[in-house]
Number of protein chains: 2
Amino acid sequence: MPVTIEAVPNFSEGRRPEIVAAIVEAIQAPGVLLLNYSSDADHNRSVVTVAGPPEAVLEGLFRAVSTAAARIDMFQHRGAHPRVGATDVVPLVPIEAISLEACAELARQLGQRIGDELGLPVYLYEAAATRPERRRLPDVRKGEFEGLVESIHTPERAPDFGPARMGPAGAVIVGARPFLVAYNVYLATADVQLAKEIARQIRESSGGLPAVRALGLLVDGQAQVSMNLVDTGTTPLHVVYDEIGRLAVAAGVSIDRSELIGLVPQDVVYNAAAHYLRLPELGPDRTVEEAIRRAQG
Amino acid sequence: MPVTIEAVPNFSEGRRPEIVAAIVEAIQAPGVLLLNYSSDADHNRSVVTVAGPPEAVLEGLFRAVSTAAARIDMFQHRGAHPRVGATDVVPLVPIEAISLEACAELARQLGQRIGDELGLPVYLYEAAATRPERRRLPDVRKGEFEGLVESIHTPERAPDFGPARMGPAGAVIVGARPFLVAYNVYLATADVQLAKEIARQIRESSGGLPAVRALGLLVDGQAQVSMNLVDTGTTPLHVVYDEIGRLAVAAGVSIDRSELIGLVPQDVVYNAAAHYLRLPELGPDRTVEEAIRRAQG
């Protein structure tokens, strides 16, 4: 696969299908692959997943941000999900032959173009952040659209690109982050307290594994540790699985099964198999399918 | 990936590069992907790996068999490896969207064409075999070229296609088999007797795991269980790894690491990860890379 990034822009429109269709149409610049899109009426929000070469994806995103800005009036927008603008957030994700740092640089390029050409205030977050207090998305989104209308003139809310002025399209948050893996582990028990206790022990925020967010839930009568793995390069999925297994066994319980919500990078799978089989050299290049794809060019 | 087979023909020439080059040239009919080829002077033998759509691969194989028949004189051939003809054996292997049984039918088509158009005696083996005593390759190759010159007129050696007559190109063995995985497990010990004992316990021929061939060896001072997994659909690689681990631990030893010789089908990796993570739904379709390839069409 050539240099490939993914982008998962979130738009503040989930009720009017014709607006969503216009955004999805706009994003498909030449070379952009549309992987998925979904709308939520309660959130009044749509999430679009695209991938492709960086230049193509950046062009598609610019067109989509422009379309959303022209069609969505944030002064009229109501919805359950926090948001600061018509295009609320645009994360860029490295997929193949590109680093997170290179994606952060692409985020800055896109942010600058949105600020310059569309005249929208742009905030950089996560790996692209220009200030430590802007790394985390909830911090950047603090006060939401309505709050930012009031506070954008203050030095601490000054945008990274574009004017310090909120129009009907609001602001755009652009950044780069690793691929996010949504992963759940079911325990062979209905004891939700154990799931909550294990979640507390493994999540980064309470001193557990780095890049792991976790909650304990009861799902269909079964205790579940529900997670977002926000950087599987730092803490691989199989390390999380093994740690949950260790904590469960210490409490006299075993793991029943695990599940993925959505997709994973294939390295997650190869790294897990390499770990359990003590086969360090294992990677996609050791498969006949990859050899065939390479021979195809 | 569209319907894809692999073929791993073995030719009785490993010393004259110009003959090998002519065969490798001939095999590359339109649509055929050349994955690998290697020659061994001591064996006086070359192995070529190709893949592609069935019709393309069959055409390439026919051309290669024809070239080998024209350029190799088995009456002059000497080498350490057993063989019955200029093209000694042609295994067809299902890779994508095709069954072993369909590959066996393709082997019969190819065998018939070689018999009819090139006038060579052809034997079908493994999944394509027409008699139980012809399933195993060593049985079909019994007596080698020189023995078959004497015995081909007998009813038990009658070819499946082509004349019961051995010319300078000898006979061709054609068949279908699952992908063969060459897999070694190193024990954390120099005790080769333990490796031999574990190999004896796991190999099919002494009542162990089906579709597993195994030897115990001493490699660079380390005990190794060296294996061919001839059908990972029947006995997956991770089952073999776990069984060796169990036997090693029972003897007070652990597994140091494992290694692949050559390639594996990607399902071997996904099935291992799915097993260890108790994540039964895990497959290539759950990866972002596969989602991108599908979106590319």
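Domain bounds, as used below, come from an automatic or database domain assignment. The structure is a predicted model, in which local features need pLDDT of at least 70 and side-chain atom pairs count only at pLDDT 80 or more, whereas totals for chains, interfaces and linings use all residues. Residues are numbered from 1 along each chain as its sequence is written, while chains are lettered from A and ligands numbered from 1 in the order in which they are written.

**Exercise 1. Domains of chain A**

Task: State into which domains chain A is divided, and how far apart their C-alpha centres lie.

Solution: Begin with the bounds, which divide chain A into domain 1, residues 4-176, and domain 2, residues 181-264. Then take the C-alpha centres of domain 1 and domain 2 of chain A, which lie 30 Å apart.

**Exercise 2. Two copies and their contact**

Task: Work out which rotation superposes chain A on chain B, and describe the side of chain A that touches chain B.

Solution: Step one is the superposition, done by least squares on the C-alpha atoms of residues with pLDDT of at least 70 in both copies. A rotation of 180 degrees, with 0.0 Å of shift along its axis, brings chain A onto chain B with an RMSD of 0.1 Å. The two copies are therefore related as by a two-fold rotation axis. In chain A, the C-alpha nearest this axis belongs to Ala273(A) and is 2.5 Å from it.

Step two is the contact, where two residues count as in contact if their C-beta atoms, placed from the backbone, lie within 7 Å. By this rule 39 residues of chain A are in contact with 39 residues of chain B. Helices (H or I, at least four residues) and strands (E, at least two) are DSSP runs, numbered from the N terminus. The elements of chain A that give two or more residues to this side are β1 (4-7), β3 (33-40), α7 (237-250), β11 (255-261), α8 (266-276) and α9 (288-296).

Step three is the residue type: Ala, Val, Leu, Ile, Met, Phe, Trp, Tyr, Cys and Pro count as nonpolar, Asp, Glu, Lys and Arg as charged, and the others, Gly among them, as polar. The side of chain A that touches chain B then divides into 26 nonpolar, 6 polar and 7 charged residues.

**Exercise 3. The two sides of helix α7**

Task: Compare the end-to-end reach of α7(A) with the expected one, and find which of its residues are buried and which are exposed.

Solution: The expected span of a helix is 1.5 Å times one less than its number of residues. For α7(A), with 14 residues, the reach from first C-alpha to last is 20 Å, close to the 20 Å expected.

Next, a residue is buried if 20 or more other C-beta atoms lie within 10 Å of its own, exposed if 12 or fewer, and partly exposed in between, with C-beta atoms placed from the backbone. In α7(A), the buried residues are Leu237(A), His238(A), Val240(A), Tyr241(A), Ile244(A) and Ala248(A). Because they cover an arc of only 155 degrees around the axis, they are on the same side of α7(A); the arc is that of the directions from the helix axis to the C-beta atoms. On the other side of α7(A), Arg246(A), Val249(A) and Ala250(A) are exposed.

Finally, the cover over the buried residues of α7(A) includes β8 (181-187), α6 (192-202), β9, β10 (222-229), β11 and α8 of chain A. After the helix comes Gly252(A), whose phi is positive, near 80 degrees.
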